[in-house]
Amino acid sequence: FKLKAFTCFCPKIIARRFNFSDSALESRCLPELMQETDREEIPIIFPPEFYAEEENLRKLLFSFRMENWTKFQINYEQIQILLKGLDRRLAQGFSCLAALSSISEEVEKEFKDLAKYYQDKKAEEHADTPEGRIVFAMKDLLERKEIITTENVWGILGGKESDLNKRSIGMRLKSLGGKRQDTELDGKRVAKWFYVEKQLEK
C-alpha cells in the first residue's frame, strides 16, 4: 500500500474532572474542569425536544460559517499583535481563534477578554506549583539584593518546614534554565544561579 499524509489538526474538546498529570499537555489546552451538577431541572434521560434543539444549534453554527466565510481575512501581522504578551503555548492554542477576530470589533474584544482570562488563570495555577513558588522566592532574593542559591531559596520557602528539600530545589533551579556558577560563600563552596528577567517571567 502507499502511505499518504493528511492534515488532521482541529480543535478538540476533552471532558475531564482533574488536571492532566503532564504539564506539557496541560499548557497546550484551554482547561475547564467539569464538576458534578446538582441542578434538578436537567433530566436523566433527554426528551425528544433536546435532540431537536441540538439539531437547530448545529444548523445555526453551520449558518454562521456560511454567512461569515467571506469575512475571514487572515492577517498574520494582526494575529501576531493579538497574541503578543500571551504565554507561548497558550498563544499556539489561541492562534486559530485569533483569525475569527477579523469578523468584527466585538469579536476581537471577546477574544482579548477570553485570552486574558486564561492567561491570568494559568499564572494563578502556576504560582501554586513547586516551580512557581521557587520563582517567587528567587524574585524575593533579587529584590533583597541577595544571590540565588539553593540554600537561600530553601530558606525563603520555610527551611526545615518546607515540603521541598534542597536537592529537589536544586534540580528545579537547573530546569528553569539558569546559568550555574560555583563560588565561595562564608568559606563554603556553593552554586550560584543567574537568570535573565524573561526566564523568571515565564
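Student: Before we look at any details, what is the average pLDDT of the protein, and which elements have the lowest and the highest mean values?

Tutor: Since the model is predicted, we begin with pLDDT, which is the predictor's confidence in each residue. The protein averages a pLDDT of 80, and 94% of the residues score at least 70. Among its elements, helix α2 (residues 48-67) has the highest mean pLDDT, 91, whereas helix α9 (residues 197-201) has the lowest, 56.

Student: How should I read aromatic pairs, and how many are counted here?

Tutor: The general idea is to look at two rings, asking how far apart their centres lie and what angle their planes make, with an angle over 60 degrees counting as edge-to-face. In this model the count comes to 5 aromatic pairs. One of them joins phenylalanine 50 and tyrosine 51, whose centres are 5.1 Å apart and whose planes stand at 90 degrees, so that the pair is edge-to-face. Phenylalanine 50 is partly exposed, at 32% relative accessibility, and tyrosine 51 is also partly exposed, at 44%.

Another edge-to-face pair is made by phenylalanine 94 and phenylalanine 111, with 5.5 Å from centre to centre and 85 degrees between the planes. This pair links distant parts of the chain, for phenylalanine 94 belongs to helix α4 (residues 88-98) and phenylalanine 111 to helix α5 (residues 105-127), 17 residues apart.

Student: Which rings have the charged end of a lysine sitting over them?

Tutor: Here we look for a lysine whose charged end sits over the ring of another residue. The charged end of lysine 139 sits over the ring of phenylalanine 136, at 5.9 Å from the ring centre. In the same way, the charged end of lysine 166 sits over the ring of tryptophan 154, at 4.4 Å from the ring centre.

Student: How do I read salt bridges, and how many are counted?

Tutor: We look for a side-chain nitrogen of Lys or Arg within 4 Å of a carboxyl oxygen of Asp or Glu, and by this rule the count comes to 11 salt bridges. In one of them the side chains of lysine 122 and aspartate 87 meet, with 2.7 Å from N to O. This pair links distant parts of the chain, since lysine 122 is in helix α5 and aspartate 87 is in the loop between α3 (76-83) and α4, 35 residues apart. Lysine 122, with a relative accessible area of 26%, is partly exposed, and aspartate 87 is partly exposed at 23%.

Student: Where do the partners lie in the salt bridge between glutamate 108 and lysine 112, and in the one between aspartate 120 and lysine 116?

Tutor: The closest N and O atoms of glutamate 108 and lysine 112 are 3.3 Å apart, and because these two residues are 4 residues apart in helix α5, they are separated by about one helical turn. Aspartate 120 and lysine 116 form a salt bridge with their closest N and O atoms 2.7 Å apart, and both lie in helix α5, 4 residues apart, about one turn of the helix. Aspartate 120 counts as partly exposed, at 38% relative accessibility, whereas lysine 116 is exposed, with a relative accessible area of 52%.

Student: What is the phi of lysine 145, and where does this residue lie?

Tutor: Lysine 145 has a positive phi of about 65 degrees although it is not a glycine. Lysine 145 lies in the loop between α6 and β1 (148-149), and it counts as exposed, at 76% relative accessibility.

Methods: Residues numbered from 1 in each chain as written. Heavy atoms only, no water. Phe/Tyr/Trp six-rings, centres within 6.5 Å; stacked < 30°, edge-to-face > 60°. Buried < 20%, exposed > 50% of the residue type's maximum accessible area, 1.4 Å probe, protein only. Lys NZ or Arg CZ within 6 Å of the ring centre and 35° of its normal. pLDDT = per-residue confidence, 0-100.
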